[in-house]
Each structure stands twice: as C-alpha cells, then as structure tokens.
Amino acid sequence: MSKGYRLTASTGIHKGDREYQQDQVALLKHPRVHGCVLAVVADGMGGRSGGRTASDQVMMTAKQLFDRYAPETDDAPTLLKQLVQEANLVIKLSAISSEQEPHSTLAAFLINPGGDCHWIHAGDSRVYHYHEDRLIKRTLDHSYVQTLVENGSITEEEANVHPQSNILMGCLGTENDPPMDMHFIPQLAPGDTLMACSDGIWHYFNSTELGAALSKLSAREASEFLIEKARSRARGSGDNLSLVIVKLEPLD
C-alpha cells in the first residue's frame, strides 16, 4: 500500500435478543505480509448447533486459506471463491453427520498490501464501501425481497420491513451451489471505509445513517454505536449482530 495512510479496524458481535449466537466474525492479519487483511462475516442458520456449526466452518476455512495465501503471486478472487466453495462443502458434509441442517451466509473482503480490494458474498450479509460519508457501492442480497426491488415491485425502504425479508435465494449449505457475487476496487484511498455485517446490523439503518457513523467515528466507536443503536431499534426482537469495519486513515 502507498505510504501516507494506515488501516484502523474493529470487529463487533452481540447475540441480540436471540437465545444463542449463530453469527461469527473475523478480521485476519496476514501471518507474513504487512498491510494484508481478510475480513469475514458469517450468519449461521439451522438451529442452535446447526447455525453455529456452519458459521464456525466458514471461519475455519477462511483462516486455513488465508494462512496459505501469498499476496505477491496468488490471485485474491480465486482465494475468495475457494472460501465459498470449500466452506460450502464442509457445511454440507457436517449436515450428514448431524440431525441439523446447517446453513450460513458469507460476506468477505480482502485488502492487499498495494491497496487493491476484492470482495465476495453469498446470502444477505453485506459488504459496504464508503468514501467519507458517501456510499460508493454495496453488495445486493441474494434474497426474495431483493428480487422484488430489482423488478420494481417494492422500494429498498419497503424491503426492510417486508414480512418475507428473511427468505434467502441462496447461501452456503443448501443443495444448490451457493451464489458468488464479487467486486474489485483497484485502489483504496485515505477516507475509504469498508464494512461487512450481518442483517442484524444493516436491517436497522439506511445508507446515509451508516455513512454518517462510519465517517465521524473511529472504527471501534462506530462498531459499538451501530450495535447499540440496532439493539435499541429492534425493541426486544433483534437478531444476532456482527460486523467488521476497516478504515483507511491518512497519517497526520
């Protein structure tokens, strides 16, 4: 990465108003290369042990693949595709040996030392890219309500309160191959922020509110604020919450 800016980051996780935690989140520093990080959020589904089994498998697969990743020679999109494919396979195998039906979403982004960024997602966990408080791009959910938004049946605001907003069109662990939508940012810049989060977070905010929090607060303060505010807005019926924030800050 170019001289003159630094990465600051934070993760956050809370079980919300659920009896147990099925989300998992990780921010992995490369074991050998400075300035290379992998952020992963997984929202597990399938009952108490099933959902946690699935999200645990995503994290284990991510760590194993990232440990072997060589930023100078390896292809980041290939790594991210492997993450989805291998985690999906392991989750399906774990379903055979249990009475659960483990499934998981996945949202991940990888920042290379040169400042290029790659992301991938499956399901309704999201990745957001902001510059200051302006939304540059976010992932589009693999969900039923997203198809309604795309065909013009409902607005994005209506999708957030739609009674079928939790129906996924694809994720990890199902019979069908998981969806894999990818995005490439050639060069991150000071003032950029990346956030991956589960629907327990994004469900309670519009893009303007997220941009304000991410631009005005430090990564740690933003993660704490977004969890607290989502908990408040859920009014006792909130899902598990998980997020990872990485900010590119100019050096003073």
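I took a pocket to be an open set of grid points with protein on both sides within 12 Å along at least five of seven lines. The model I examined is predicted.

**Entry 1: second largest pocket.** I looked up its volume and found about 310 Å³ of space. Of the 16 residues that line this second largest pocket, I noted Leu7, His34, Gly35, Cys36 and Val37 as the closest to its centre. Strands β1 (5–14) and β2 (23–29) each supply at least two residues of the lining, and β1 gives the most, with five residues. By class, I recorded 10 nonpolar, four polar and two charged residues in this lining.

**Entry 2: largest pocket.** I found a volume of about 510 Å³ for the largest pocket. It is lined by 23 residues, of which Arg18, Asp43, Asn166, Asp199 and Asp239 are the closest to its centre. I noted that β3 (37–45) and α5 (199–202) each contribute at least two lining residues. The lining of the largest pocket divides into six nonpolar, 11 polar and six charged residues.

**Entry 3: helices α6 and α7.** I looked up how α6 (residues 207–216) and α7 (residues 219–234) are placed: their axes come within 9 Å and cross at roughly 145°. The crossing is right-handed. On the α6 side I listed Glu209, Leu210, Ala213 and Leu214, which meet Ala222, Phe225, Leu226 and Arg233 in α7. This contact has six nonpolar, no polar and two charged residues.

**Entry 4: Arg52.** I located Arg52 in helix α1 (residues 47–68). Leaving aside residues up to four places away in sequence, Arg52 touches Gln21, Gln22, Gln24 and Gly47.

Note on methods:
Residues numbered from 1 in each chain as written. Predicted model: local features only at pLDDT ≥ 70, side-chain atom pairs only at ≥ 80, totals over all residues. Heavy atoms only, no water. Helix = DSSP H or I, 4+ residues; strand = E, 2+ residues; numbered from the N terminus. Contact = heavy atoms within 4.5 Å. Axes fitted to C-alpha atoms, helices over the stretch in contact; angles between N-to-C directions. Left-handed = near helix turned anticlockwise from the far one by under 90°. Nonpolar A, V, L, I, M, F, W, Y, C, P; charged D, E, K, R; others polar. 1 Å grid on protein atoms, 1.4 Å probe; cavity = no way out; pocket = protein on both sides within 12 Å on 5 of 7 lines; lining within 4 Å. Points joined across faces, edges and corners; volume = space filled by probe spheres on them.
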